[in-house]
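The points below may be read alongside the sequence and the model.

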Amino acid sequence: MSSDSRFVPLVLKTDTEPNMIKHFTSTACKFFTLVLVFALISFNNYAQEISKDPAAINAGQALFNANCKACHRVQQKLVGPALAGVYDRTPSIDWIKSFVKNSSAVIASGEPYAVKLYNEYNKTQMTAFSSFKDEDIMNILAYIKAEADKPAPDAAAQTTPDGGGQPAANTGLPSTYLNVILVGMIIILILLLIVLGFLVSALKRFIDQKTLTEEDKEVVHPTVTTGSIFKSRGFVFIVVFLTAALGFKAVINGLYSVGVQQGYAPKQPIAFSHKIHAGQYEIDCKYCHVGVMKNKSATIPSVNICMNCHNQIKTGTITGDAEIGKIVKAYETNKPIEWVRIHNLPDLAYFNHAQHVNVAGVECQTCHGPIETMDVVRQHSLLTMGWCIDCHRKTDVNTKGNAYYDNLVEIHNQSKKTPMKVEDIGGLECSKCHY
C-alpha cells in the first residue's frame with residue numbers, strides 16, 4: 001500500500017507538467033500573435049495616414065491637375081463626385097487605392113459602395129489609373145485634404161471694384177494713353193510746319209524790301225501751277241522713291257511670310273471649344289494631350305479620352321447635343337475623328353515637346369498663346385527659326401532640382417555672372433534642331 005501510494009503521485013506529476021507547458025506555450029503564442037497583429041494594424045494605420053507634408057501636397061496637386069481635374073473638383077460635383085472627405089466616406093483608403101487603379105474590377109466584385117457609385121453616376125466607370133503607385137494616390141489624397149481643410153474664401157475679397165468676380169488684370173499701358181501720345185506728336189509736327197511757314201514768310205518780306213531784278217523776283221516768288229508741280233524733279237524723285245520703297249517692303253514681307261501660318265484657324269470636324277474645356281472647366285492640357293510629357297508630339301486626343309467625360313455629359317454648353325453626338329457616333333462606329341492639324345513645322349525641323357514641357361517646365365501658353373480663351377484654336381506664335389532662336393537667347397535654363405545641370409552651372413558661374421541661358425548649353429547649334 002505504501003509503495004502504491006508513493007507511485008501514484010509520481011505518475012500524476014509526470015503527466016501534469018507537459019500539459020502545463022503546452023498550455024503556457026499556447027497562451028504565450030496567442031499573446032504574441034495578438035501583439036503582432038496589433039502592431040501590424042497600428043503600423044498599417046500609421047502608413048495610411050494622409051500626409052500634411054508640403055512636398056506631398058504639391059506632388060498630389062500636380063497629379064490631380066493632370067489626371068483627375070477633368071472629372072472631379074474638391075468642393076463641387078462635376079462629372080464625378082466632389083472629393084472633399086472621400087477618405088472618410090469610403091470603406092477604407094485601401095479601397096480608394098483599388099478603385100483608382102481599377103474601378104471596373106472593384107465594381108465587378110460586387111462591393112456595395114462601388115456598385116452604389118456606379119449606379120448613381122449613370123453606370124459610368126472611372127478611368128483606370130493602373131500606373132499609379134500607392135504613394136501617388138496618397139499624395140493626391142494629401143492635396144484633396146489640404147484643399148478641403150482650407151477656409152472658405154471671403155466673397156468680398158474676390159470682387160473687384162468694378163463688380164466683377166475676377167481680379168483686375170494688368171493690361172499694361174492703356175490704349176487711351178497711346179492715343180494721347182500719338183495726337184500730341186501730330187500737334188507738334190503741325191506746330192513745326194506753322195513756324196517754318198512764318199519763317200519763310202518773314203524772309204520773303206525782308207527780301208522784298210531790297211531792290212531786286214525781275215529774275216530775282218521770279219526766284220523769290222515763283223509761279224506755282226499744277227503742271228509745274230508734277231514736272232518738278234523733287235516731285236518725280238518723291239514718287240519714284242515711295243514706289244520703290246513700298247515695292248521693296250512688299251517683296252520682303254512676302255519672302256518672310258513664306259511658310260508662316262500665324263493666325264491660321266481652320267474649321268474642325270467638331271466644334272470643340274478650348275475656352276469651355278480648358279477655361280471654364282479648367283481641364284489640364286496634359287489630360288487630353290497625353291504625349292506632351294514624354295514624347296516628341298503632344299498627340300491629338302483619342303475618342304476614348306473624349307468619352308471619359310461624354311459618356312455622361314451629352315449636352316454641350318454652346319452647341320447642345322449636335323457636336324457631342326458626333327463624338328458618340330465616332331466612338332460607336334470605331335472611327336477616328338479627322339481633326340485638322342493647326343501647328344505645322346517643316347520636316348527639316350525637329351521639336352520635342354517632352355524636352356520643353358517636362359524638363360524645361362515651359363507652359364503651354366508660352367508657344368500656343370492664351371489657349372484657355374479660344375473657342376476656335378489658332379496659331380498664336382510665328383514658330384519660325386528666328387522666333388525659336390530669340391527664345392533660346394532670352395530664356396534661363398531651368399536647372400532647379402535637376403542634377404544633370406550641376407556641372408554645367410558650376411562651369412558657367414566661373415566665367416559669367418548672368419544666369420545660364422539656353423544658348424549657353426548649345427541652344428543655337430544647328431544640329432540641335434536640324435539633323
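Which residues in the largest nonpolar core touch the most other members?

1. The model is predicted: local features need pLDDT of at least 70, side-chain atom pairs count only at pLDDT 80 or more, and totals for chains, interfaces and linings use all residues. Residues are numbered from 1 along each chain as its sequence is written, and side-chain values use heavy atoms, with hydrogens and water left out.

2. Ile50, Phe64, Trp95, Ile96, Phe99, Leu141 and Ile144 touch the most other members of the largest nonpolar core, which has 28 residues. Such a core is a set of buried Ala, Val, Leu, Ile, Met, Phe, Trp, Tyr and Cys residues joined through side-chain atoms within 4.5 Å; buried means under 20% relative accessible area (1.4 Å probe, protein chains only). Two or more residues each come from α2 (54-68), α3 (86-89), α4 (93-101), α5 (103-108), α6 (112-120) and α7 (134-148). Helices are DSSP runs (H or I, at least four residues), numbered from the N terminus. The largest share, seven residues, is that of α7.

3. Leaving aside residues up to four places away in sequence, Phe64 touches Lys69, His72, Arg73, Val74, Leu83, Ile140, Tyr143 and Ile144, contact being heavy atoms within 4.5 Å. Another core, of nine residues, lies apart from the largest one and includes Val303, Met307, Ile324 and Ala330.

4. Helix α15 (residues 303-310) is mostly covered, with six of its eight residues buried: Val303, Ile305, Cys306, Met307, Cys309 and His310. These buried residues pack against α13 (274-280), α14 (285-288) and α16 (322-332).

Definitions and conventions: Buried means under 20% relative accessible area, exposed over 50%, partly exposed in between (1.4 Å probe, protein chains only).
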